[in-house]
Amino acid sequence: MSAVRKVLDTMLWYARELVGETEYDRYCERHRRHHPKAPVPTRREFHRIRTLQRECEAPGRCC
Amino acid sequence: MPTSALPESGHRAPEKSRMRSFALWAAVALLGATGWGVIALARGEEISAVWLVMAALGSYAIAYRFYSRFIARRVLEVDDTRATPAERLEDGVDYHPTDRRVLFGHHFAAIAGAGPLVGPVLAAQMGYLPGTIWIVAGVIFGGAVQDMIVLFLSMRRDGKSLGQMARDEIGKVGGAAALIGVFAIMIILLAVLAMVVVNALAESAWGTFSVTMTIPIALFMGFYLRYLRPGRVVETSVIGVGLLLLAILGGGWIQDSSLAEYFVWSPETLVFCLVGYGFVASVLPVWMLLAPRDYLSTFMKVGTIALMALGVVIAAPALKAESVTDFASNGAGPVFAGSLFPFLFITIACGALSGFHALVSSGTTPKLIQKESQVRMIGYGSMLTESFVAVMALIAACVLEPGLFYAMNSPAALLGPTVETASAAVKGLGFTITPDQLTAAAKAVEEQTLVGRSGGAPTLAVGMSEIFSGVFGGAALKAFWYHFAIMFEALFILTTVDAGTRVGRFMLQDMLGNVWKPIGRVTWKPGIWITSGLVVGAWGYFLYAGVTDPLGGIKQLFPLFGIANQLLAAVALAVTTTMLIKAGKLRWAWVTGVPLVWDVAVTFTAGWQKIFSGNPKIGFFAQREAYADAIDAGKLLPGATNMDDMHTIVLNNTVDGVIMAIFLLLVLIVLVNCAAVCVRALRSTEPLPTTEAPYVESRIDLPAQRSDDTLVGTGS
């Protein structure tokens, strides 16, 4: 049972990393390290800013 | 919340494991050699696809272990004490040291597309042997090397793009030629891939419905991610994939209902829909359509490819195709014209060597690498995986009865309108399939007909349904798997179409911005609309011309696509070779130099034949002349049903021939420029100034990864 859980956890970890879901957590962690006093943006705010940035960069996809 | 970092299960191998590792690699080599041996020695009898898989995997393992390590150590001299841009410039978003397994997945998802699925299917015309040899050898010595070295060079320059590197290293003229070349190549690529979708969906209610549904599904995901559950990508994607499977099932239901007629679209209608879609996708905010589609695509990609590998190994289908067909030597194949050299290499394209990967390898990936030595796994390893996808596509095509393969992939002009004429035409090619068998094959996958369904996607889908239904669900699920495969390919391609249109738009804005400032601003709406319109207009023109081409658009345009892609690889390899020589590594320049020479030989021979060949089946201008002469004489030639068709053929051949010449010229400029820089570098008494970012010591200490030092040496 625990072996199955472990595999599922690994898969979830991989999937979350792959699609960049952990980006926000990483950003917060870094933000707190560098600016401990400043408030951290909410998940919603963070993703708004990120999509706005993505608007200006060419997507890297291939044939 | 703790985020990342699963523990590395690394350990240092003790001295005595040397023997064990030697035994292991000897066994791997033996396995691969056995695979190749069986493939090469099979004469006349059907062999199992497992041998192909074994030969490929064995070769990949050896190449990865020895050749890629040799390149990393001797040629590139990777240095894990040197901080990567991800570490030096870390900003938590664009630059951050990423777990190598995650980055591998990232990079693979970015390079894998429809190319390696389509090319090998068409190349099956020459048999499975030449195709397999090129896919495996080409990737080991060409494609994977290019990806890895471009990735490394870009990483040493803080993630500069290939275009920027070309400008910095070889000068303005070569840089500009490379930039224009990339743009032009992009247009042809989008047109050809879009044509594959059109050919797969035309006259099929099931396919059209389920692929159309991907748009509302992506929109739903976009809104869900933005307003309901921001940032919960995995959850959203799982819902999306679920809806996607429902859409496939729903397509079957639509096909049998009275709604079917609303989803049976002609190829011309589909062209206008695709062009409209490309435009809208390029101007809409990314969160609405592009980003969610990307997530869907990633999950479907990884899932389906894993499923395919499993299917091939478990079902172990027998290959029905011949190992080498007569078309390999006589060049008279109906799917694409021309003989093995150079056209096999042009047709397979992305599965062995893809110029486009150089753009991805010099994009986001280099900004995320944790340690320099990981370019091996990420650059070389991802490309080996892509090549394996190409091998599986080739297997899927060779599992079909050859008669069915040619009935599906020959141009409509040859096959005629009915199953009877198609059966007769296939017989004329030297293969057999009865009209009843053709009807039965179409019925099994619940399509109106399979005759003349060229473009590669339907063939791959039939092959995949054959393999999958052998493992999961039996004959009852054949139609589901067929439409699953069609959906999967269309999803891939539509993702490329919207991403590619956007990339093209950015390039155009960048170029035009030099002439007129406002249009270069990426936030100025009219500028976005104008440039998006120009880009979709350009590929839309080629798409329309291809779809309405009386001689079969795939047959006419696919070589142009293949040559374009391989020419881009020539640019990338020329730039990397120049950079190696400039860095004083002349003795290792052959690593990219040999694939460069080969690639230039292939592309320029093919391009030359396409322009100057006197054979109207191969040369664009020869064909143009034949049809123009016939128009003057008031005659109709095969393929044309009226005078308008004749004029279309003349126009298409003129355009294609001119485009071909422009491509070759642009690449020639880059090559000459590179050669001049190389000569200058060799003549100079002191090394030319480097453009690398200066050395900074790395502070990242990885938990000891399995060290290569204890394994058997590379023999160098």
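In the predicted model, A:E55 forms a salt bridge with B:R502, and the closest N and O atoms are 3.4 Å apart. Three salt bridges are counted between chain A and chain B, where the term denotes a side-chain nitrogen of Lys or Arg within 4 Å of a carboxyl oxygen of Asp or Glu. Across the interface of the two chains, eleven residue pairs are in polar contact, both residues being at pLDDT 80 or more. A polar contact is a pair of N or O atoms within 3.5 Å; within protein, one must be able to donate a hydrogen and the other to accept it, and residues adjacent in sequence count only if both atoms are side-chain atoms.

On the side of chain A that touches chain B, the elements giving two or more residues are α1 (2-18), α2 (23-34) and α3 (43-55). The largest share, nine residues, is supplied by α3(A). Helices (H or I, at least four residues) and strands (E, at least two) are DSSP runs, numbered from the N terminus. By residue class, this side of chain A holds twelve nonpolar, six polar and 15 charged residues; Ala, Val, Leu, Ile, Met, Phe, Trp, Tyr, Cys and Pro count as nonpolar, Asp, Glu, Lys and Arg as charged, and the others, Gly among them, as polar.

In total, 33 residues of chain A are in contact (heavy atoms within 4.5 Å) with 58 residues of chain B. The area buried between the chains is about 4100 Å², with 61% given by carbon and sulfur atoms; buried area is the accessible area (1.4 Å probe) lost by two parts on being put together, summed over both.

The mean pLDDT of chain A is 88, and 94% of its residues score at least 70; pLDDT is the predictor's confidence in each residue, from 0 to 100. Among the elements of chain A, the mean is lowest for α3(A) (88) and highest for α1(A) (94).

In chain B, an unreviewed UniProt entry annotates residues 48-606 as "domain: CstA N-terminal". This stretch of chain B is 74% helix and 0% strand, with its end C-alpha atoms 33 Å apart. A cis peptide bond joins B:F341 and B:P342, with omega about 5°, and B:P342 is found in helix α14 (residues 340-348). B:E203, although not a glycine, has a positive phi of about 60°; B:E203 lies in the loop between α8 (172-201) and α9 (205-228).

Residues are numbered from 1 along each chain as its sequence is written, and chains are lettered from A in the order in which they are written. Side-chain values use heavy atoms, without hydrogens and water, and local features need pLDDT of at least 70, whereas side-chain atom pairs count only at pLDDT 80 or more and totals for chains, interfaces and linings use all residues.

Conventions: UniProt positions are given in the numbering used here, feature names are shortened, and annotations may be inferred rather than shown by experiment.
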